[in-house]
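Subject: Structure with ligand, for your files

Hello,

Here is the structure you will be working from.

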Amino acid sequence: MRILIINSGSSSIKFQLLDMADESVLASGLVERIGEIEGLLQCTTRPGTAQEHKEKFQRRIADHQDGMRLAVSLLTDTEKGVIKDLADIDAIGHRVVHGGEDVRRPTLITDELVAIIERNSPLAPLHNPANLDGIKVARELFPGIPQVAVFDTAFHQSIPARAFLYALPYEMYEQHRIRKYGFHGTSHKFVAGECARLLGKPLEQCNLITIHLGNGCSMTAIEKGLSIDTTLGMTPLEGLVMGTRSGDVDPAIHSFLARNLGMDIEAIDRMLNKDSGLKGLCGMNDMRDIHAAIAQGNEHARLALEVQTYRNRKYIGAYLAVLGRVDALVFTAGIGENDAIVREKSLTGLEQFGIVLDSQANTRRQKGPVKISSADSTVQIWIIPTNEELAIGRESLEVLNNRRLAPGA
Ligand code: ADP
């Protein structure tokens, strides 16, 4: 079964063709700057093998349809391609950001589901319309091939009302659907599943804290395999300190900025999403640059690291309290997988809660999942690389298999 994974943004399409028989990557690529004067397409076929081939070219890419056609022409290229024609693609899996309260699991794409994604666009105005562009184009280009939508919010639909409600007038929830939804669900679910496998326990028996630290950052409390709380909120701004996003702030700061600095809603929104977080504190949003600056004695960079890792520690404490018993903490994504200092600082002082890091294992560079807790740690600590494309591939496959097994299918 070959599944094409599509992650469509407002001016880009990320794609990956997976062979689900052995979960190998046949091709992966990125179409960028769609609609600009000069677009960019990059594609690697058979990555990591002796036949690996890299293709990169620049030309105008008018729209998503044009971009997708280009990607497909590379995949089916007679010399360097990986498939003969479109019929070699058995299914398509789309990443969709917001399913609101309407979608609890990955779902086969129908006209009805497209309408649901459209209905939830006000909750993710930058993402859902762009995801829909990808879906519309793929349905035109691949008629008859089953397509599945995998939602960032779906895994968090098990969060109970006590955790997803904000203490606002209740009609804000009832009439305007203002509540915590959570994001990065595909990643949290994927690493939770991998962690359960590594612990040798069914996921349904695992209590975990999964910590996704990339450009966007979030933490999830998982009880018996289900998300019961997460740090991102109604939008992907709440919670942890991120690359350019503030995470938690006092909500009264908004009115202070408006009244005293004359900032309008757009400017406040832009500041909190694009100019805050690590970048706001020290001018840099890549953790590697921040470490280099700290080594040069940059005080703002040191503070940015302190603020981020303190917030991480605070939420680990909160989720320990929420869960009671925890089998493992899992670090994932760009910073979580690669940054020993951030991991160590985020766990400082948690020994009395049974969380004891093995500092040698923490600093040793290794690929793949690695356990970094010491033998006397009652809570295991793991680094588990996330793989959202593979997660979407697996979830899509499950939807298709269930459809086949369903009566009357
Ligand atoms: P995204 O949220 O965009 O998917 P990633 O998970 O790829 O992001 O994480 C990107 C971030 O990871 C970078 O901005 C950088 O801060 C961090 N990062 C990547 N590699 C390293 C590394 N070797 N050491 C420390 N931080 C890293």
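Helix H12 gives the largest share of the shell around the ligand, 4 residues. H12 (333–338) and helix H10 (287–295) each supply at least two residues of that shell; helices here are DSSP runs (H or I) of at least four residues and strands are runs (E) of at least two, numbered from the N terminus.

This is a predicted model: local features need pLDDT of at least 70, side-chain atom pairs count only at pLDDT 80 or more, and totals for chains, interfaces and linings use all residues. Residues are numbered from 1 along each chain as its sequence is written, and side-chain values use heavy atoms, with hydrogens and water left out.

The residues around the ligand (a heavy atom within 4 Å) include Gly214, Asn285, Arg288 and Asp339.

Polar contacts are pairs of N or O atoms within 3.5 Å. An oxygen atom of the ligand lies 2.8 Å from a polar backbone atom of Met287. For a backbone N or O atom of Asn215, the distance to a ligand oxygen atom is 3.0 Å, and for one of Gly216 it is 3.5 Å. The protein covers 68% of the 570 Å² of accessible area that the ligand has on its own (Shrake-Rupley method, 1.4 Å probe).

Now the sheet. Its 6 strands run in the order S11-S10-S9-S12-S14-S13, forming an open sheet with mixed pairing (strands pair if DSSP finds at least two bridges between them). Strands S11 (226–230) and S13 (370–371) are at the edges with a single partner strand each, so one side of each has no neighbour in the sheet. S9 (208–213) and S10 (217–223) pair in the antiparallel sense over 6 bridges, and Ile209 stands opposite Ala221 in S10.

Regards

Key. Polar contact = N/O pair within 3.5 Å; in protein donor to acceptor, adjacent residues only side chain to side chain.
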